[in-house]
Amino acid sequence: MTPANRYPAASLAWTIWGLGALLYLIAFFQRVAPAVMTDQLMVEFALGAAALGNLSAFYFYSYVAMQIPTGILADRWGPRRLLTAGAAVGAVGSLLFALAPTLFWANAGRLLVGASVSVAFVAMMKLAAHWFAPRQYGLATGMALFVGIVGGVAGGVPLRIAVEAFGWRPVMVGAAVVCGLLAVLIWTRVRNDPAELGYTSHAPADAHASQHGSIWHSVRDALSYRNVWIVLLAPIGVAGSVLTFAGLWGVPYFRQVHGLDTKTAAAITSVLLVAWALGGPVLAAASERLGRRKPIYIACVIVALICWAIVYYVVPPLPVMIAVLIVGGFASGAMIIGFAWARESVPARLMGTTAGICNMGPLLGGMLLQPGVGWLLDRYWQGEMVGGARVYDAAAYQAGFTLMFACVIASLLLILLARETHCRQSA
């Protein structure tokens, strides 16, 4: 068999895909990084909770805005150029954040970081379609989520240890260096398709065709379906609560209300992220076996709602609270069902556009709730400060977390209005 007629070795395919996946790991790392630096950032830039929440949310502002354009860029530039540009801009954004003399430049750095890493998931999935056999595509999707959660965990205890040892600015400079090196590696090693190295591509022939119709007409058509709106908005409460608690406010809550050290608090929020990641594929598979989307989604949102109520209002002993967070995080993974549900609710020609629209939902949750909770914390602040950073009491956190609880209730009401597809393409 000649090289032109054989598929690439698995080791080569996974290496090329893995370089793209590393940018996705960095995306999760940067997403949760402010949670273990809250005191330092508050002191450095003289921030209250609302301003800190907004600083963290600048990542989400650009990430959400880039979701639909990323699909267009992936088709027109190809994953290699898109990932290289993303890693390079990520290096600039991380460096700008690390060296920021004022809050304005720190916000600008977070904005650049969010825009840069937003390209990772779409680009790596496009690589998977070309470099892996169709039967391996599902494995690549699962591995993508695993890699992302590894990044989220790295942004917890390991990042806190590094910050305590070196300071947050040098650590962020290190993150910028890693991004820059990754840009070089992607440009030199990644190729869009096996054919560029003389191998046979796994992508179907029509995947290589350039089809650049009007994306805005596709967006308009996709949004004409009720289920698309519902699956876009429901994760604001379901996933947004996880991203807000684990990604920013959970660590200071455990420190200031429960008296835990930062590393222990970060470990607890990392466990919540892991449970969330495990819940997604397990609940999606259960939905497939049942042949229905709506019952599992509704049941899981109810479970998550009960768990958040226990955490926010009952405030059980810490071991019980950790167990409840694990259950609630796992149940919140049901938002993954929404991606398949939305695709089944539209004609096949709108599947790609619908996926991009619905991928905005979880990020909208972080974008809105992180500063929203911060605003409420400031409203209920009693004036206490330690080392130049504001300290919030249990009542303030309960008020802030009530916003997240209300959003989960709204998510449940929305899902009740959705139309069942029975796991079939119904439009």
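This is a predicted model: local features need pLDDT of at least 70, side-chain atom pairs count only at pLDDT 80 or more; totals for chains, interfaces and linings use all residues.
Visitor: Why is α1 called roughly parallel to α5?

Guide: The axes of helix α1 (residues 10-32) and helix α5 (residues 79-99) cross at roughly 30 degrees and come within 10 Å. Angles under 35 degrees count as roughly parallel, so α1 is roughly parallel to α5.

Visitor: What is the handedness of the crossing of α1 and α5?

Guide: The crossing of these two helices, α1 and α5, is left-handed.

Visitor: Which residues of α1 meet which residues of α5?

Guide: On the α1 side they are Gly20, Leu23 and Gln30; on the α5 side they are Leu83, Gly86, Ala87 and Ser94.

Visitor: How are the residues in the contact of α1 with α5 divided by class?

Guide: Three are nonpolar, four are polar and none is charged. Gly counts as polar, so Gly20 and Gly86 belong to the polar class.

Visitor: Why is Gly174 called partly exposed?

Guide: Gly174, in helix α10 (residues 168-189), has a relative accessible area of 30%. Buried means under 20% and exposed over 50%; Gly174 is therefore partly exposed.

Visitor: How far is Gly174 from Ser94, in sequence and in space?

Guide: Gly174 and Ser94 are 80 residues apart in sequence, and their C-alpha atoms are 8.8 Å apart.

Visitor: Which members of the largest nonpolar core touch the most other members?

Guide: Of its 137 residues, these are Trp17, Phe245, Phe254, Trp308 and Phe401. Helix α1 gives the most to this core, with 13 residues. Leaving aside residues up to four places away in sequence, Phe401 touches Phe245, Trp249, Tyr253, Tyr312 and Val373.

Note on methods: Residues are numbered from 1 along each chain as its sequence is written. Side-chain values use heavy atoms; hydrogens and water are left out. A nonpolar core is a set of buried Ala, Val, Leu, Ile, Met, Phe, Trp, Tyr and Cys residues joined through side-chain atoms within 4.5 Å. Buried means under 20% relative accessible area, exposed over 50%, partly exposed in between (1.4 Å probe, protein chains only). Helices (H or I, at least four residues) and strands (E, at least two) are DSSP runs, numbered from the N terminus. Contact means heavy atoms within 4.5 Å. Axes are lines fitted to C-alpha atoms, for helices over the stretch in contact, and angles run from 0 to 180 degrees between N-to-C directions. Angles under 35 degrees count as roughly parallel, over 145 as roughly antiparallel, 65 to 115 as roughly perpendicular and the rest as oblique. A crossing is left-handed if the near helix is turned anticlockwise from the far one by less than a right angle, and right-handed if clockwise.
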